[in-house]
Amino acid sequence: MGNARTRRRRPRRKSAAGEELRYFALGGLGEIGKNMHVLEYGEDLLVIDAGLKFPDEEMLGIDFVIPDITYLENNKHRIRGLILTHGHEDHIGALPFVLPKLGCPVYGTKLTLGMVEHKLEEALPAFDADLREVRAEDELSLGCFTVRFISVCHSIPDGVGLAVETPLGTVVHTGDFKLDPTPIDGRLTDYNAFTELGKKGVLLLLSDSTNVERAGFTPSERVVGKTLDNIFRLHKTRRIIMASFASNLHRVQQSIDTAIRFNRRIALLGRSMINNVELARKLGYITAPDEVFLPLQEVDSHPANRVAVLTTGSQGEPFSGLVLMSKGEHRFLNLGAKDLVVVNATPIPGNEKLVSSTINRLFACGCEVIYEQDKEVHVSGHAAREELKLVLSMVRPKYFVPVHGEFRHQVRHAQLAEEMGVLGKNVFVLHVGDVLRIAPDKAQVRDSVPSGSILVDGIALGEMEGSLLKERRELAEEGVLAVSLVVDRAFRVKAGPTVESQGCVHFRDARELYRQIEGAVLAATEAAAKKKERSLEDVAQGIRSRVRGVMKGYARSAPVVVPLVTVLEE
């Protein structure tokens, strides 16, 4: 892992006549996740983050979604670097898929690159990535860009915002942040850096919009520590299971510290929890003595009031530790009346039903469950409305683009920027792929770059979002009907047709329908045989059309029809 620390500042190159700064996002606008932003000037490209997005309920069988990087692939020789703001999956999760195609150096802080290294070792053990470590306050030159890293608080350590000097002015990207006055690791958001940038003049601000609808200030992470103290104090006889994001290392540290204070040993459950804690201890982001950790297989035989379990599954992920326990399917842990489960998170939009189902099953096991937001078992890692106002007042940008949020969040943040004095004509609510062109005297949204979503199913990259999901929805909603037959070279039927179905018709109860389908298949084959120019596709298309016509006479919709036609070579 290389080191990129430097304090040398290159003089800003003067912009050539007619040149402009281009900004666009390949993900992270109008959605939570899949963050990827690009700055372009002349022959230089700078990429910020490469994240994934978890699928919604309609993405059947899809593991996650990554950005379409067609534009970057076509211009990879111009990419001067890929900057990572922090180590969350929605900012680094796409790297195993995009980095081999781009082949550019990657810059990030120590913890972020540690997580990236581990991810690449698992997914691409033979790939030699060019990873270069930076710290907050470091500066480095990448083509015409000079990048300064700014310390920000978030729900994972080592997060940074960015100040990117370009030939036309400074672009500030806040990263994911909040203004926590009492962070667990003592690493404050750098107010001075943002204020100084504002005094010098900021051309464009890209700012986190996630919590723009929440009034006031996001509470400090230390609030959760006080809540955990009260929970352990009031439930001294129970075994305590805490479900949290594995990447929220501040929360994990507080959970470990609390368990130690109450003389409990700690068991780690869930692959990502074990891996992240091991990495964070190795790099010095979590401190805990070895003897405090309890092997998972010994938990059930240990006194309940001397054990605390840290597990994944706060979002109801189907194969996570908490979900397996709630179903009674975990090898080592069986839940019952002796257990208290604390869900240290609120559901990510789209996960509400999964979380609710998990909590219901936990209650059915006899557990006590603490999950309500008003119990202060979770605080957000994103800035609320008053914090966003403070950043706008410190940075005072000429142009503003709200990022990192659903479309309504972007609109609300844009309105907030206008309230804080940014001219309405200088505020842009963009969609993924939209190109904001900034010239010395104006900015406007003109044209777009190829963009969209690539679906990842297992280790395979899927097609663009449209056709693959359309086929899966049709199969899920209508079922499939397969028709097989054997024909000779003149398309005369020699065997069949044989009809099989899944999820649409029980043929034992539909003899008349079977007879009609058989007749439709034979008619389609005879029609194709009469054509002077015929092909297997003619037969297949005719079978699809006629069989669907028969099925629509029995139901409001027709199944997916799959013709399997074999030509007998005589």
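Reader: Which side chain does glutamate 213 join through a polar contact of 3.2 Å?

Author: A polar contact is a pair of N or O atoms within 3.5 Å; within protein, one must be able to donate a hydrogen and the other to accept it, and residues adjacent in sequence count only if both atoms are side-chain atoms. Here the partner of glutamate 213 is the side chain of arginine 408. Before we go on: this is a predicted model, where local features need pLDDT of at least 70 and side-chain atom pairs count only at pLDDT 80 or more, while totals for chains, interfaces and linings use all residues. Residues are numbered from 1 along each chain as its sequence is written, and side-chain values use heavy atoms, with hydrogens and water left out.

Reader: Where is glutamate 213, and what else does it touch?

Author: Look in the loop between β13 (202–208) and α6 (222–234); helices (H or I, at least four residues) and strands (E, at least two) are DSSP runs, numbered from the N terminus. Contact means heavy atoms within 4.5 Å. Not counting residues up to four places away in sequence, glutamate 213 touches Arg408, His409 and Arg412. Its C-alpha atom is 8.5 Å from that of histidine 413, 200 residues apart along the chain.

Reader: Is histidine 86 buried or exposed?

Author: Buried means under 20% relative accessible area, exposed over 50%, partly exposed in between (1.4 Å probe, protein chains only). Histidine 86 has 1%, so it's buried, whereas glutamate 213, at 43%, is partly exposed.

Reader: Which side chains make polar contacts with histidine 86?

Author: Histidine 88 does, at 3.4 Å, and aspartate 176 does too, at 3.4 Å. Beyond four places in sequence, the residues in contact with histidine 86 include His91, Thr112 and His154.

Reader: How are α14 and α15 oriented to each other?

Author: Axes are lines fitted to C-alpha atoms, for helices over the stretch in contact, and angles run from 0 to 180 degrees between N-to-C directions. Angles under 35 degrees count as roughly parallel, over 145 as roughly antiparallel, 65 to 115 as roughly perpendicular and the rest as oblique. The axes of α14 (residues 511–529) and α15 (residues 536–552) come within 8 Å and cross at roughly 150°, so this pair is roughly antiparallel.

Reader: What about α3 and α4?

Author: For α3 (residues 95–102) and α4 (residues 110–123), the axes come within 10 Å and cross at roughly 85°. That makes the two roughly perpendicular. The contact is made by Leu95, Pro96 and Leu99 of α3 with Val116, Lys119, Leu120 and Ala123 of α4.
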